[in-house]
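Reader: I would like to learn how to read the features of a protein structure, one at a time. Could you take me through this one slowly?

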Amino acid sequence: MSATSSDEGTNRSVDGTSQEKRYKGIRCRRWGKWVSEIRVPGSQERLWLGTYSTPEGAAMAYDVASYSLKGTTSLRKLNFPSMLPPTARTDLSPRSIQKAASDAGMAMDARFITSRETTSNNEVLNISVDDYL
């Protein structure tokens, strides 16, 4: 079974349930990791942008690469247009684009993972003994 269903525009999560595809340039592997890659305009070459724990991390990597390759014409089609990091520039080599995209994606992953852990810890701390009585 494929991790991506191109007919429906959906991704399958690890448990096999269908999840609406929210971000451009990413796909989910069968085991739950998110990956991103992009085609270089005017060629058949693809730039591998990495594997991420969250869809947001993979989407940010795609945004940085898309902006770096296509410039300001890509701004309307980005996942997070207002969150482009300063490392997203249009004068980078393909290798530099991969590095900038990977760094931005990993930073976004870390941000989302940390916020999940913080939320999870706060939920545990907010439970009262009265809740169990």
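Reader: How exposed is arginine 89, in terms of relative accessibility?

Author: Burial is judged by relative accessible area, where buried means under 20%, exposed over 50% and partly exposed in between (1.4 Å probe, protein chains only). Arginine 89 has 41% relative accessibility and so counts as partly exposed, while aspartate 91, at 56%, is exposed. This is a predicted model, in which local features need pLDDT of at least 70 and side-chain atom pairs count only at pLDDT 80 or more, although totals for chains, interfaces and linings use all residues. Residues are numbered from 1 along each chain as its sequence is written, and side-chain values use heavy atoms, with hydrogens and water left out.

Reader: Which residue forms a salt bridge with arginine 89?

Author: Side chains of opposite charge can pair when their charged atoms come close. The term salt bridge is used when a side-chain nitrogen of Lys or Arg is within 4 Å of a carboxyl oxygen of Asp or Glu. Arginine 89 forms one with aspartate 91, and their closest N and O atoms are 3.0 Å apart. Elsewhere, salt bridges with shared partners join Arg27, Glu37 and Arg46 into one network.

Reader: How many salt bridges does a search of the whole structure find?

Author: The search finds five, and one of them is between the side chains of glutamate 56 and arginine 22, at 2.8 Å from N to O. Because glutamate 56 lies in helix α1 and arginine 22 in the loop between β3 (18-20) and β4, this pair ties together parts that are 34 residues apart in sequence. Glutamate 56 is buried, with a relative accessible area of 7%, whereas arginine 22 is exposed at 52% relative accessibility.

Reader: What do glutamate 37 and arginine 27 tie together?

Author: These two form a salt bridge with the closest N and O atoms 3.1 Å apart. Glutamate 37 belongs to strand β5 and arginine 27 to strand β4, so the pair ties together parts that are ten residues apart in sequence. Arginine 27 itself is partly exposed, at 28% relative accessibility.

Reader: How many helices and strands are in the chain?

Author: Helices (H or I, at least four residues) and strands (E, at least two) are DSSP runs, numbered from the N terminus. The chain has two helices and six strands, and along the sequence they follow the pattern β-β-β-β-β-β-α-α.

Reader: In what order do the strands of the open sheet stand?

Author: Two strands pair if DSSP finds at least two bridges between them. Here the open sheet has three strands in the order β4-β5-β6, with antiparallel pairing. Its edge strands, each pairing on one side only, are β4 (26-28) and β6 (46-52). Strand β5 (residues 34-39) is joined to β6 by six bridges, and tryptophan 34 has tyrosine 52 in β6 as its bridge partner.

Reader: Which strands does helix α1 touch?

Author: Contact means heavy atoms within 4.5 Å. Helix α1 (residues 55-70) packs on the sheet and touches β4, β5 and β6. Of its 16 residues, 14 are buried, so that the helix is mostly covered. Glycine 71, which follows α1, has a positive phi, near 75 degrees.

Reader: What share of the whole chain is buried?

Author: Of the 133 residues of the chain, 36% count as buried.

Terms used
Axes fitted to C-alpha atoms, helices over the stretch in contact; angles between N-to-C directions.
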